[in-house]
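Subject: Structure handover

Hello,

Here is the structure to look through. Some notes on what was found in it follow below.

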Amino acid sequence: MIIDSQLHAPRPRFRTATRVAIVGAGFSGTMLALNLLEQPHVEVLLIERDRHRMGAGVAYSSSESSHLLNVRAGNMSAFADRPDHFCDWLAAHGLGCDGAFVTRATYGRYLREALAAAMERYGRRLKLVDDEVLDIEERGGRVTLGLVNGGLIEADRAVLAIGNLPPHDPPAVAGAHLPARLYVGDPWATPFEEGLARDAAVLVIGTGLTAVDVILRLVAYGFAGPIVALSRRGLRPHRHVDGLPRLKPILAKPAPELSELVRWARRAARDTDWRQVVDSLRPITQMMWASADAGKRARFLRHLRPFWDVHRHRLAPPVADRIDALVASGQLRFRAGKIAKVSAGRDGLVIDWRPRGTGRVETLHAARMINCTGPQGDLLRSSDPLVRRMLAARRIRPDALRLGLDIDRDGHVIDGEGRASEHILAIGPMTRGDLWEVVAVPDIRVQVSALARRLVNAHWVAGEGL
Ligand SMILES: Cc1cc2nc3c(=O)[nH]c(=O)nc-3n(C[C@H](O)[C@H](O)[C@H](O)COP(=O)(O)OP(=O)(O)OC[C@H]3O[C@@H](n4cnc5c(N)ncnc54)[C@H](O)[C@@H]3O)c2cc1C
């Protein structure tokens with residue numbers, strides 16, 4: 001933990017020097033720090049509660065070699081204004097870039113090296129703080145961050161870069177009080193393979209990217225038992241394919257209503273690969289979300305989101321091949337349906353579930369059940385200490401659809417009274433209620449670069465508006 005007398009020293013006024021405290025050192029927090037430090041006079045405190053995640057966050061601290069990026073390396077530069085930055089780094093390390101899907105561990109190394117280089121370059125202007133932020137208060141035009149160890153940090157601005165919230169327990173599991181050896185509620189926080197017999201049966205709840213990650217890690221661990229992956233629709237992420245012609249981006253909304261949009265996409269996909277149709281919407285996805293009213297956003301989430309997710313967030317071909325091979329071998333089965341009841345028996349779990357579209361109840365037995373329903377953003381259901389305190393003090397509030405934090409167009413959090421904070425901001429996946437498409441690197445890098453410029457008034461210096 002790095003707390004020294006300098007952290008409490010009197011600060012110059014905001015206009016001449018900005019001291020920014022960033023909560024969370026995943027991709028979002030780390031890259032905001034690096035963007036800010038490019039401006040003179042800015043001082044950054046980057047605070048991370050899990051030292052193994054410093055610089056890489058949840059996604060890129062995986063050391064599992066089967067965990068590949070789901071975006072091609074060529075589109076994974078960490079900097080919005082340097083598109084070749086990651087490819088150049090790969091080349092300098094003797095690795096290829098063209099169309100490649102590299103491991104998330106490699107990407108984590110790239111981010112950590114960028115952070116280490118910044119430490120060297122910017123010296124005392126960058127401080128890494130190994131601690132957990134428990135509360136943030138605004139007072140006298142500044143912010144005070146309270147840390148788990150009782151220490152305080154003062155800054156001109158605080159930015160929440162806390163990533164996603166852990167998954168919720170599915171309704172049938174919530175009140176079942178299942179023992180930890182049988183049920184893993186958050187696979188990012190728990191070594192879920194520990195103590196599992198290699199030939200035991202496993203139930204994975206969820207069939208999306210988190211489920212794929214967990215399944216690959218189980219297999220890498222040598223697990224050879226049967227795996228059932230169950231979700232309401234049983235939809236699996238599709239695969240990327242190589243060699244598609246260059247993308248023609250769309251600059252205007254192709255259809256005003258959601259149903260027309262679906263028809264448009266189906267028509268467009270007759271003449272080209274559907275992946276190109278989905279990807280062509282990417283430059284205007286944030287604009288479409290911004291122009292949709294609350295009702296349309298809610299309809300999208302209810303009816304289209306599961307389909308959007310599996311078409312938009314795709315698997316690298318080698319990952320899709322491995323999943324296909326597990327299905328072909330019979331070790332892995334995908335199922336559509338809903339869990340009705342779970343109980344713990346002497347030999348494991350007994351799970352009653354209803355296959356989709358039937359009134360029938362079937363029973364599964366599993367030695368372990370792993371919750372892979374994916375990251376959440378609903379503040380009201382969170383047990384995160386910082387979120388709970390700030391919510392209780394009405395310093396933050398959920399966005400209208402409970403996807404994350406309510407923010408204004410400039411990223412300031414909105415408090416319980418509906419007022420935008422002057423000193424507390426948020427970035428990353430927890431701002432998806434405002435932007436929707438802000439969960440992956442290509443979007444977050446643009447968000448952090450724009451916020452860094454706003455925070456240090458660089459737009460004024462450069463004479464351009466934002
Ligand atoms: C498994 C996985 C794979 C992904 N793969 C890709 C991919 O291939 N390509 C792509 O573009 N995107 C991918 N993504 C999307 C990913 O969300 C973003 O790329 C990005 O990593 C999000 O980073 P973040 O910093 O916002 O969140 P996180 O990585 O979650 O980091 C938040 C950090 O904040 C810390 N923290 C939280 N609260 C506190 C507190 N109170 N005090 C101190 N520290 C705190 C946490 O410990 C954590 O380290 C993936 C996501 C996941 C989960």
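**Domains**

The chain is split into domain 1 (5–165 + 377–461), domain 2 (171–238 + 315–371) and domain 3 (258–312), with bounds from an automatic or database domain assignment. The model is predicted: local features need pLDDT of at least 70, side-chain atom pairs count only at pLDDT 80 or more, and totals for chains, interfaces and linings use all residues. Residue numbers start from 1 along each chain as its sequence is written.

Between the C-alpha centres of domain 2 and domain 3 there are 29 Å. Six residues of domain 2 are in contact with four of domain 3 (contact: C-beta atoms, placed from the backbone, within 7 Å). The side of domain 2 that touches domain 3 has two nonpolar, two polar and two charged residues. Here Ala, Val, Leu, Ile, Met, Phe, Trp, Tyr, Cys and Pro count as nonpolar, Asp, Glu, Lys and Arg as charged, and the others, Gly among them, as polar.

Buried means 20 or more other C-beta atoms within 10 Å of a residue's own, with C-beta atoms placed from the backbone. Domain 1 and domain 2 each supply at least three residues to the core. Beyond four places in sequence, Leu32 touches Ile22, Val159, Ala161, Ile427, Val448, Leu451 and Ala452.

**Sheet**

An open sheet of six strands runs in the order β3-β2-β1-β7-β16-β15, with mixed pairing (pairing: at least two DSSP bridges between two strands). Its edge strands are β3 (126–130) and β15 (412–414). β7 (residues 157–160) and β16 (residues 420–426) pair in the parallel sense over three bridges, and Ala158 stands opposite Ile424 in β16. Helix α1 lies across β1 (19–23), β2 (43–48), β3 and β7, at about 170° to β2 (axes are lines fitted to C-alpha atoms, for helices over the stretch in contact; angles run from 0 to 180 degrees between N-to-C directions).

**Val438**

Val438 sits in the loop between α13 (432–435) and α14 (441–455). Val438 counts as buried because 23 other C-beta atoms lie within 10 Å.

Regards

Methods: Contact = placed C-beta atoms within 7 Å. Helix = DSSP H or I, 4+ residues; strand = E, 2+ residues; numbered from the N terminus. Buried ≥ 20, exposed ≤ 12 C-beta atoms within 10 Å, placed from the backbone.
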